[in-house]
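Okay, hi everyone, thanks for having me.

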Amino acid sequence: MKRFGLMFTLVAFSATAMAQGTKVTSAASNIKYGELAKAKDAIEEAIVHEKTKGQAKTWMVRGDVYKAIAESKDPAKKALSETPTRIALDSYKKAISLDAKGSLRKQINNQLLMMSFTVQNAAYEFNDKKDLVNALDCFEQSLSIDSLASPGKVDSAIIYNAGLIADQGKNYDKARSYYNRCIDIRYGGAQVFGLLAILDKNQGDTAAYMATLERGMKVYPDDCQPLLVEVTNHYMQQDQSDLALEYLAKAIEREPNNASFFFAQGAMLDKLGKTDDAKVAYEKAIEINPEHFDSWLNLGVQVYNKAVE
């Protein structure tokens with residue numbers, strides 16, 4: 001009787017383990033038939049059972065379940081989870097960590113790459129709804145997905161958008177981090193320096209603000225008009241026109257063949273009523289770049305104004 005009892009126990013234990021393995025299979029099957037509630041229930045049981053919670057396939061299927069929930073157009077199915085893409089991503093990460101031989105890696109990567117489009121679309125949808133917290137989370141998920149599925153890949157546009165959303169949502173530490181990443185990979189040109197400088201200014205760090213603008217002009221001497229406008233406006237708002245002109249003089253000293261610097265100088269002198277000096281600056285800009293449209297335009301305005309007078 002003792003042997004019989006032992007055999008019965010072993011058979012019962014084996015049947016339980018098999019039942020949990022069936023839960024994983026059942027979850028995968030229910031995804032195919034669109035039975036996502038059943039798939040979710042089955043896989044959630046499997047991830048806590050001793051025999052299946054340590055298997056890579058269990059976590060891969062869990063990722064598939066939540067990916068399907070995220071991609072569903074059915075509101076009832078979408079309501080099965082508030083953060084399906086986040087759960088799917090975490091599940092795929094767990095699966096990769098458990099997949100010692102890498103036998104599931106290709107399959108997981110394919111799912112991750114498809115999910116990347118899902119989270120990016122979700123990010124834009126959240127942004128349209130002014131839900132900046134979830135928009136940023138989705139952009140960050142997209143970056144995590146790319147780094148997981150394609151190590152070394154850099155999605156510059158997503159990094160830039162993440163910075164913008166973080167900035168708008170007043171998450172300044174993350175905004176600063178993403179702007180600096182854009183600068184490191186030379187994405188976004190002088191505009192990124194301008195965004196970073198404004199962030200510095202809004203946080204009361206005028207020294208960093210000016211240093212960022214100067215660095216941007218040095219890196220992008222031919223595309224720094226927005227930075228010149230920013231620093232000019234800053235000094236003009238504080239009635240420090242002389243400082244603005246001094247700053248431009250230093251910029252011209254560093255880049256004497258930059259037509260944009262001379263145009264900005266002329267525009268400021270014009271505002272101060274120093275039209276003759278402004279005319280010299282515009283002419284210098286045109287000498288450097290005969291096709292500098294804005295300098296020609298302002299010279300034309302000067303001629304018109306003198307004729308009217």
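Predicted model: local features only at pLDDT ≥ 70, side-chain atom pairs only at ≥ 80, totals over all residues.

Residues are numbered from 1 along each chain as its sequence is written, and side-chain values use heavy atoms, with hydrogens and water left out.

When I say helix, I mean a DSSP run of H or I with at least four residues, while a strand is a run of E with at least two, and they're numbered from the N terminus. Back to α10, then. It has 14 residues and reaches 21 Å from its first C-alpha to its last, close to the 20 Å expected at 1.5 Å a residue. That expected span is 1.5 Å times one less than the number of residues.

How many of the residues of α10 are buried? Ten of the 14, so to speak a mostly covered helix. Buried means under 20% relative accessible area, exposed means over 50%, and partly exposed is in between, using a 1.4 Å probe and protein chains only. Among the buried ones are F193, L195, L196 and D200. And what do they pack against? That's α8 (156-168), α9 (172-184), α11 and α12.

Let's move to α12, then, residues 225-237. This helix has 13 residues and spans 18 Å from first C-alpha to last, close to the 18 Å expected. Its buried residues include L227, L228, V231 and Y235, and also E230 and H234. The cover over them includes α10 (189-202), α11 (206-219), α13 (241-254) and α14. Just after α12 there's another positive phi, about 55°, at D239.

In the loop between α11 and α12 you'll find P221. P221 is buried, with a relative accessible area of 18%, and it touches E255 and N258, not counting residues up to four places away in sequence. P221 and D205 are 16 residues apart along the chain, and their C-alpha atoms are separated by 24 Å.

Now, rings! A pair of aromatic rings is described by the distance of the centres and the angle of the planes. Rings of Phe, Tyr and Trp (its six-membered ring) pair if their centres lie within 6.5 Å; planes under 30 degrees apart are stacked, over 60 edge-to-face, and the rest tilted. By that rule there are four aromatic pairs. One of them is Y124 with F139, edge-to-face, at 5.4 Å centre to centre and 80° between the planes. Y124 lies in α6 (residues 105-128) and F139 in α7 (residues 132-149), so the pair ties together parts 15 residues apart in sequence. Y124 is partly exposed at 37% relative accessibility, while F139 is buried at 2%.

Next up, F263 and Y282 form a tilted pair, 6.1 Å centre to centre with 35° between the planes. Since F263 sits in α14 (residues 259-271) and Y282 in α15 (residues 275-288), this pair ties together parts 19 residues apart in sequence. Both F263 and Y282 are buried.

Last stop: the charged end of K94 sits over the ring of W59, 5.6 Å from its centre. To count, NZ of Lys or CZ of Arg must be within 6 Å of the ring centre and within 35 degrees of the ring normal. That's me done, thanks!

How values were computed. Contact = heavy atoms within 4.5 Å.
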